[in-house]
Every structure is written in C-alpha cells, then in structure tokens.
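Welcome! Let us take a friendly walk through this protein, one part at a time.

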Amino acid sequence: MKIRIIEDEALLADSLKTLLQLKGFEVEVVYDGEDGAEYAETGIYDLLILDVMMPKLDGYRVARRVRSQRLTTPILMLTARAEVQDRIEGLNAGADYYLTKPFDNQELLACINALLRRQGAQIDVLTYGNTCLDLRCDAPADADTGAQYQKGNAAHPRVGP
C-alpha cells in the first residue's frame, strides 16, 4: 500500500512516515500543499494523509483539486483545526475522514485501515525474500505436476481447470 503524506511540519511528517513504514506501508512525504496536490493528482496512491494549514495551498484546496480530477483516493485529513465548522469544510472538500491533532497512533492506524478497507484494498501477492505467494484466482499451475492451486491455499492443489 502506497501512502502520500502532505504535511508541512517536517518532524511530524517524518515521524508518521517512520510509524507507517514500520507497519509495512510504502510512504512518501511532501511538505507543502502545491507539491502535494501535484503528486496526489498522479492517482498512484492508495491513501493521502493531508494537513489543512500548509504553505502555498491549504489542505481543503488540495482535497478539492484531487476530487475535481475524479480521483477516488481516500483522503485522511490530519490537522490541528478541530472546530465543527473546520471538520465540515474538510469533509465537504473531499476528505473521507477528519482526525484532529493531537491524535493517538492506534486511532490513526485504525482510521487508515478502515479507509483502505473501504477501497477494497487487498493483497494479491505476498513476498518475503525469494519466496512469493500469489493469492489471485488465476495463479499459474505448478510447473512439475500441472496442478493449479486454490486461491489463498497453496497447500491444497486442485487438479484441472
């Protein structure tokens, strides 16, 4: 899963990056809204974590730009602006969830997992070192026996199409 953090507070952004990388996410950071919007508009991210108060382009405008491109990438606004009107503006701008600072890391991770789950995010291939487990239905047959493997169960091959 690829996450883009758009946050002008470098210490917070880098701490979030480290936390998420430890949880297995691929994370990239940008420190202003204008660059963040350009990266977000590529559509290659599974999730955007977006601050509101940033130089060049605020988070509300970044979210509106992303949504104007018809991108459905989930957006988690993570900001110190905690008033009800701020949350309403963020959600109306296109955020899928609005979490205020300070926040608990476990709550942040739960929000991220919920947003990714809504997107139907799933892992099709697991790789560790030189070992690869393909969980797709159209996984190739065993080269030696010709047996096809059932989805998600490499220990029990099924014979035939």
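## Where α1 meets α5

In this predicted model, helix α1 crosses helix α5 in a right-handed sense. The residues that touch are Leu16, Leu19 and Leu20 on the α1 side, and Asn105, Leu108, Leu109 and Ile112 on the α5 side. Sorted by class, this contact holds six nonpolar residues, one polar residue and no charged residues.

How far apart are the axes of these two helices, and at what angle do they pack? Helix α1 covers residues 10-22 and helix α5 covers residues 105-118; their axes lie 12 Å apart, and the packing angle is about 65°.

## The overall plan

The protein contains five helices and nine strands. Read from the N terminus, its elements follow the order β-α-β-α-β-α-β-α-β-α-β-β-β-β.

The protein has 161 residues, and 38% of them count as buried. Among contacts with a separation of 6 or more, 51% come from residues 24 or more positions apart.

## Where α2 meets α3

Now for another pair of helices. The axes of α2 (residues 33-40) and α3 (residues 59-68) come within 9 Å of each other and cross at roughly 20°. With that angle, α2 is roughly parallel to α3. The crossing of α2 past α3 is right-handed.

On α2, the contact is made by Gly33, Ala37, Glu38 and Ala40; on α3, by Val62, Arg65 and Val66. Which classes do the residues of this contact divide into? There are four nonpolar, one polar and two charged residues in the contact of α2 with α3.

## The buried face of α3

Helix α3 has a buried side of its own, made up of Gly59, Tyr60, Val62, Ala63 and Val66. Looking down the axis of α3, these buried residues fall within an arc of 160°, so they line one face of the helix.

What covers the buried residues of α3? The cover includes strands β1 (2-6), β3 (47-50), β4 and β5, together with helices α2 and α4.

In helix α4 (residues 84-93), the buried residues are Asp86, Gly90 and Ala93. Seen down the axis of α4, they fall within an arc of 65°, so they line one face of the helix. Their cover includes α3, β4 (75-79) and β5 (97-100).

Turn to the face of α4 that points away from this buried side, and you will find the exposed residues Gln85 and Asn92. After α4 comes Gly94, which has a positive phi, near 130°.

## Details in the loops

A few loop residues deserve a look too. Lys56 sits in the loop between β3 and α3. Its phi is near 75°, a positive value in a residue other than glycine. Is Lys56 buried or exposed? Lys56 is exposed, and its relative accessible area is 57%.

Arg70 belongs to the loop between α3 and β4. Phi of Arg70 is near 65°, again a positive value in a residue other than glycine. Arg70 is exposed, with a relative accessible area of 74%.

Our last stop is Pro102, in the loop between β5 and α5. The peptide bond that leads from Lys101 to Pro102 is cis, and its omega is near -5°.

How values were computed
Residues are numbered from 1 along each chain as its sequence is written. This is a predicted model: local features need pLDDT of at least 70, side-chain atom pairs count only at pLDDT 80 or more; totals for chains, interfaces and linings use all residues. Side-chain values use heavy atoms; hydrogens and water are left out. Axes are lines fitted to C-alpha atoms, for helices over the stretch in contact, and angles run from 0 to 180 degrees between N-to-C directions. Helices (H or I, at least four residues) and strands (E, at least two) are DSSP runs, numbered from the N terminus. Angles under 35 degrees count as roughly parallel, over 145 as roughly antiparallel, 65 to 115 as roughly perpendicular and the rest as oblique. A crossing is left-handed if the near helix is turned anticlockwise from the far one by less than a right angle, and right-handed if clockwise. Contact means heavy atoms within 4.5 Å. Ala, Val, Leu, Ile, Met, Phe, Trp, Tyr, Cys and Pro count as nonpolar, Asp, Glu, Lys and Arg as charged, and the others, Gly among them, as polar. Buried means under 20% relative accessible area, exposed over 50%, partly exposed in between (1.4 Å probe, protein chains only). The arc is that of the directions from the helix axis to the C-beta atoms.
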